Amino acid sequence: MTSTAMPTAEQHGLVAHSDGAFVPVQTRSERFRSVNVEDFEPVNGREHEWKLSPVAAFADLTAGELDGGRLELRTDAVDGVELSWIARDDERIGRTNTPEERASANAWSSFDEALLIRVTGDDDKVAVITRTGLGSAPRAAHTVIEIAPNSRGLIVFGGEGDARLTENVEIVVGDGASLTVVSLQEWSDDAVHLASHFSRIGRDAFLKHIVVSLGGKVVRVNPSTHLAEQGADIEALGLYFADAGQHLEQQVYVHHDAPHTRSRVTYKGALQGEGARSVWIGDVLIGQKATGTDSYEQNRNLVLTDGTRADSVPNLEIETGDIAGAGHASATGRFDDEQLFYLMARGISEEEARRLVVRGFLTEIVQKIGSTELEERLTAALEAELEGR
């Protein structure tokens, strides 16, 4: 559906200046937001949030009607992790943030019920929830992951098989809690997956958010984190491996909005094959109230063959001078010849030496997950990618 009302200046990416004139949006926090898809203009690919995306490949997810019914889940029962379905008007929905783009708003407008994943208890626990059997019809989904104050847990939230899915995931971290969420994309070769993750982190709470994108034709996972209370801490990690014709995208946003908050953003990816494409955009906003902020973001890309493209755009906005530190870095390059020479000089073949270098480059992220079983599984998946399987 499309709106018949005239678009507002805000919808066109403009904000009112002090003299009454409208000027382009200057900060990430000023972007237009709405849960209603009709409030967004149709996507044409020239918008700031879509200009690096293959918008024609998922027009049905940004403009078409979506099936908002329950998704098929495969789960393991774990004490302290409760799954349930809640209605659209449940008060636990909408506590984190609001969509900034049309695909996210279309999912929000279309879902029937939300999946609630509630974590309680101060003992370590791991729960794996996998969406499967989605088929080729365009679908919408909404998930709320909530961890109670002073609780601990690791949630692996994955997808496999065929899919054409746009979804929103809300993550609410209670005061003093410690939560790890792994978003694992192992879709089939033709799958399309668009996701917006909205996190709100409470006082002295910690979230480790990890995006692992390996499968799918087009996969775009955009995590947005609100460090809303004093002492909130986020470690945002990402791992991706783009093969020929595959588009893997991440637009990361961290909003420091309280004193003495901390963020570390590290995304690493490899690309091989004609037409392999990755996009990483990292936005960090340190607000006026966020005194004592400690923030750093980085993106590293390793190009394995010709015919690939990696876009990497770090952005840092600081609205207060009273911070502990802030910085960003970005690099895209080929193999380190000195590393290859060192390995080959010790009798290792060039092919095996290249695999060792790639494995060492990417496993830094894998080793931070905190689950031996999942780390071994992802290491095997990366080996398969390197072998072209």
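Buried means under 20% relative accessible area. I wrote that down before anything else, and I also noted that I'm looking at a predicted model.

**Entry 1: the whole chain**

With that cut-off in hand, I looked up the burial total: of the 389 residues of the chain, 55% count as buried. Next I checked the secondary structure and found five helices and 20 strands. The radius of gyration is 21 Å, close to the 21 Å the globule rule gives for 389 residues, so the chain is as compact as a globular protein of that length. I also looked up the extent of the C-alpha trace, which spans about 65 × 50 × 45 Å along its principal axes.

Then I turned to contacts. Among those in the chain with a separation of 6 or more, 85% come from residues 24 or more positions apart. For the surface, I got an accessible area of about 16300 Å², and carbon and sulfur atoms hold 46% of it.

I picked β8, residues 152-161, and asked how many of its ten residues are buried. Seven are, so I noted the strand as mostly covered.

Which strands pair with β8? On my list is β6 (residues 126-131), which pairs with β8 in the parallel sense over six bridges. One bridge I looked at links alanine 127 to isoleucine 155 in β8. Also on my list is β10 (residues 178-187), which runs parallel to β8 and is joined to it by ten bridges. There I found glycine 153 bridged to leucine 179 in β10.

**Entry 2: serine 183**

I stayed with β10 and looked up serine 183, which sits in that strand. Buried or exposed? Its relative accessible area is 2%, and the cut-off is under 20%, so serine 183 is buried. Leaving out residues up to four places away in sequence, serine 183 touches Phe157, His197, Ile210, Val211, Val212 and Val221.

**Entry 3: valine 169**

My last stop was valine 169, in strand β9 (residues 164-173). Valine 169 has 0% relative accessibility, so it counts as buried. Again skipping residues up to four places away in sequence, I listed what valine 169 touches: Thr143, Ile145, Phe157, Ser196, His197 and Phe198. Phe157 and His197 were already in my notes as contacts of serine 183.

How far apart are the C-alpha atoms of valine 169 and histidine 197? I read off 4.6 Å, although the two residues are 28 residues apart along the chain.

Technical notes: Residues are numbered from 1 along each chain as its sequence is written. This is a predicted model: local features need pLDDT of at least 70, side-chain atom pairs count only at pLDDT 80 or more; totals for chains, interfaces and linings use all residues. Side-chain values use heavy atoms; hydrogens and water are left out. Buried means under 20% relative accessible area, exposed over 50%, partly exposed in between (1.4 Å probe, protein chains only). Helices (H or I, at least four residues) and strands (E, at least two) are DSSP runs, numbered from the N terminus. Two strands pair if DSSP finds at least two bridges between them. The radius of gyration is taken over C-alpha atoms; the globule rule is 2.2 Å times the number of residues to the power 0.38. Contact means heavy atoms within 4.5 Å. Accessible areas come from the Shrake-Rupley method with a 1.4 Å probe; for residues, only the protein chains shown count as cover.
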